[in-house]
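The following note reviews a structural model, point by point. Please keep the structure in view while reading.

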Amino acid sequence: MKKRLPLRAWALATAVAGAILTTVPGAAQTPRERVDAMSFGPVRFEQPTPERYEVEGVTVLLLEDRDLPLVTTMVGFEGGYGLFPRSRYAAATALPALMRYGGVEGMAPDSVDAELETYAIQLSFGSGGGAVSSSMNVLTEHFGRAMALWGRMIAEPAFDPSEVEIWRGRQMESVLRRPDDPGTVAFSEFNALLYGDHPIGWEMAEADLDPGALTRERLDEIHRRIVCRDNLLVGVTGDVSWAEARPVVERFVRRIPECAEPLPEPPVPDVRARPGVYLIHKELDQAVVVLAHPTDLPLADDPEYFAATIGNTILGAGGFSSRIMDKVRTERGYAYSASSLWTTPRRYPGLLGAVTRTQPETAVPAIEVIMETMRGLGDEPPTDEEVKTTVDRIVNGFVFNFENPSQIVSRTMFYLAQDLPEDWLERYLNGVQAVDADAVAGVFDAHLRPDDMTILVVGDTARIGRDALERLGAVTVLPTP
Amino acid sequence: MASRLTVSRLVVSSLGVAALMLASGCGSGPRAPAARTSGVPAPAATLAPSPGERLPVREVTLDNGMRFLILPRDGAPTVSFVLQFGIGGVHEREGQTGIAHLLEHMLFKGTTTIGTRDLDAELAYFDRIDSVHDTLLVARASDDTTAIERLSKRIVELEDSARAFVDSNAFDRILTREGAQGLNATTTSEATIYFVELPANRAELWFVLEADRMRDPVFREFYSERSVVLEERRMRVDASPGGTLYERHLAEAFRVHPYGQPVVGHMRDLERISRRDLEHYFSRYYTPDNTVAAIVGDIDPDHMERLARRYFGDIEAGEPPPAVTAVEPPQREERRVEVGWDAQPLLRIGWRVPSQQDDEAVAVTVLSSLLTGGRSSRLHRRLVTEERVATGVFSSVGPGSRFPGLLQIDATPRAPHPPETVEALIYEEVERLAREGPSERELERVRNQVAAGAVRRMTSNLGLAFQLAESTSLEGDWRETFRGAERLRELTREDVRKAAARYLTEQNRTVAVLRREEP
């Protein structure tokens, strides 16, 4: 057995007695040589495609998977607080939670809970600003019963006043607690700075939570607008065939009425470029930094979009293989996390920038390193090697998009909801493979403007140093929330 | 369906990238009071032995003591790897807290052949840097601020010079470009766990790289990485009210046993740990007989076994880690700790309970579930739904599992109710449970949760690999992870009542309260 030598002794030993290496099993190659000599073929696999059906005009996707005696059903409803006026913010935000907890017509919340427990039905409800989603997982033998109960929860919520009040109280508490976390403060203030009075810039406030905003009428109104068939997509995966699922799904869909009126168009934000430095004082051992400027490059089947995806990974979204991480964390040790961000909404501008957290004394140096890294993209454009590593990562890891049937179905539902082609993932794979270093350099040249960044720092002013901050630009102090 | 877009707050999720980085399971404080999504599982059904115990796991033990658990599964051609070393926070001596976690970070820095452009040139810097660090420690001891600044700067300069010969993050890049997912590691009180998923045809890459870093790691870029860990500590503890409360609570509850030490380490210790300390620690503890690997996915077990023998078979056996001998003396009276913070109040209560290997562990787990497991649990119902004095209440048994620990409750008081109100109601409920025991229906609910959980836990290969490695490493048998349901069936209402009466008492508890203190 090979003796484990202390590191430095080992290094000396290699110099004088390379023969030691030959006792390493698997030949005289070093691990590095072995890695370099390895070549792997493409990962071959069959891409399962969900079957597609129509029930009462509603698209239903189904992907069978007999591995475990479990069935998962997912629903997505288009519609969320982002489509309605601010007066509906609380009601639209509350809807998913109250469908879960507020009981159903003729059945108190406790009875709903008891039945969920008895049949081990696992539910989740959630929403973004533009959609409400829910999923249900149950042992196959209880599939029919579970779909019936879950269908009632979605279609006939009772909005039990006591549960509404509990939800309201929890929200009030989270309003109070928001300033406790510097990260939450930073992101919410940053959104408010750039998006102003657009739903992206909203943050729940006490005024939104007035009991009058959560009356039965308000909740019913929002429920009626969102929970109707034209907004609905259904996905089923697991231990069930279409023949078995069909009658159950039909009953489920028929509980949900057709939409009385179409959803309003979402408001387009007037994203405000506000170059400069903004400071929120908070006495803590770590400061949070967010910097970004608006950018207009929507997600689309377009070479520029794919170049941006690869570019963002190289710049700072690719973990340890990316430049910002390499400079800020690996080289300087300033931060545990540091990354770029590049959002690509389809109908309005997104953001391009970076985020990190570091002790107050290194907040400005960390920002400077990030800025230098961004500016450095001109002198040291992304290399062929960086592009290849990033593309290889996507191509070789592609199989992980097909590991789990419910992930496949929910992704397909997402594409449908976003009006993307059903084969978007294939197009994405082809798109990124066509990206080269010139395209990445070009997309940064066209879109990245380090001098236009809005830089927000939440942290201890004295330790950050006002003078140091001024090096970055004119400083505006914002009130501490 | 029409084509409106989700108005999402994409900015917020961008910090999620942190998940790509070396997360540490330690010091993360109380569980985030995330919205719980119902879910109370299944009729206990007919599960004897549980489906998990019937899995065709191949167990291989190499001559050097290293154990492999290999489980082929149908599905996409991917494979999940978990490598668990049976060492963590409890094996750290005072003055060196955080070393296990720091080592976890350093094992991503490469080896004698991976991550270097010129090993000799790199190593030539090590002694110089280390001796400057020795001098720095002396300067710190004498509070010589000029020297501290000069020497700290010198370390940075020397590491920058050495970096010319380093191929930074090569280990990560090799795996990432081959499509690896979720490359990461975590350190707990009792274990250090490395994990990654690969396309199945690239499985051999894992064997080459893991065996290499187990045999010949090089702790390059040590001092800059130590700074990263200090930032991690700031993020999880020093700038986090929940994290600070957690750390202070454990320190008060465990005055002798190392469960009282933070896994992420004290700042004063982290600032002193040297590269030599780390080398010593590594050679002492990272031995094959202290190591379990679990491999789950679309693989051929024969092939995996051959690779295991080929790559790991020759690593020297080493000695088992010394037993943790510290025993926390019995607690005689309630302990309390207060933390002042510019934040809303938080409450943590921990009762001393036996280790997870103890016969009564099942009863303690059931107590935790009866108290806070789901919306119909006693404390959720009382505090959140009925009295509305809290917005969330969670419990767990921890901080580890091998030694007597705590049944710990985290509650978030709802303004204007002070922590005392919440605390008093928790005691009322606990006392009632100790007096009356649970109802049969409540107990059935917990049994159902465990039984359905046993099926659901098999859905992910990586999740299964974690369970197999952990059960083997901590309990000596991978099947242990699936035996909960069986033990639960034998448990009576009286067993649970007795456990509540014995452990959930005033003298047996430590209470930590975070209160607002203006800056």
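1. Ala120(A) is buried, since 26 other C-beta atoms lie within 10 Å (a residue is buried if 20 or more other C-beta atoms lie within 10 Å of its own, exposed if 12 or fewer, and partly exposed in between, with C-beta atoms placed from the backbone). Its phi is near 50 degrees, a positive value in a residue other than glycine. Ala120(A) belongs to the loop between helix H5 (109-118) and strand E4 (122-127) of chain A; helices (H or I, at least four residues) and strands (E, at least two) are DSSP runs, numbered from the N terminus.

2. Arg388(B) also has a positive phi, near 55 degrees, and is a residue other than glycine. Arg388(B) counts as partly exposed, with 16 C-beta neighbours inside 10 Å. Its place is the loop between helix H13 (378-386) and E9 of chain B.

3. The model is predicted: local features need pLDDT of at least 70 and side-chain atom pairs count only at pLDDT 80 or more, whereas totals for chains, interfaces and linings use all residues. Residues are numbered from 1 along each chain as its sequence is written, and chains are lettered from A and ligands numbered from 1 in the order in which they are written.

4. Confidence should be read along chain A. The average pLDDT of chain A is 92, and 94% of the residues score at least 70 (pLDDT is the predictor's confidence in each residue, from 0 to 100). Over residues 1-26 of chain A, however, pLDDT stays under 50, and the model has 33 contacts for them beyond four places in sequence. Two residues are in contact if their C-beta atoms, placed from the backbone, lie within 7 Å.

5. Two cis peptide bonds in chain B deserve attention. One runs from Gly398(B) to Pro399(B), with omega near 5 degrees; Pro399(B) is in the loop between strand E9 (390-398) and strand E10 (405-413). Another joins Ala415(B) and Pro416(B), with omega about 10 degrees, and Pro416(B) sits in the loop between E10 and helix H14 (419-436).

6. Which residues of helix H10 (residues 275-285) of chain B are buried? They are Leu278(B), Glu279(B), Tyr281(B), Phe282(B) and Tyr285(B). Seen down the axis of H10(B), these buried residues fall within an arc of 165 degrees, so they line one face of the helix; the arc is that of the directions from the helix axis to the C-beta atoms. An α-helix has 3.6 residues a turn, so residues three or four places apart point the same way.

7. Chain B has 18 helices and eleven strands. Of its 519 residues, 57% are buried. Contacts between residues 24 or more positions apart make up 83% of those in chain B with a separation of 6 or more.

8. The largest nonpolar core has 283 residues, and those with the most contacts inside it are Ile295(B) and Ala465(B). Such a core is a set of buried Ala, Val, Leu, Ile, Met, Phe, Trp, Tyr and Cys residues joined through C-beta atoms within 7 Å. Helix H4 (residues 89-101) of chain A gives the most to this core, with ten residues. Leaving aside neighbours within four places in sequence, the contacts of Ile295(B) include Phe68(B), Val79(B) and Ala465(B).

9. Between the chains, 99 residues of chain A are in contact with 94 residues of chain B. Helix H7 (residues 161-177) of chain A gives the most to the side of chain A that touches chain B, with six residues.
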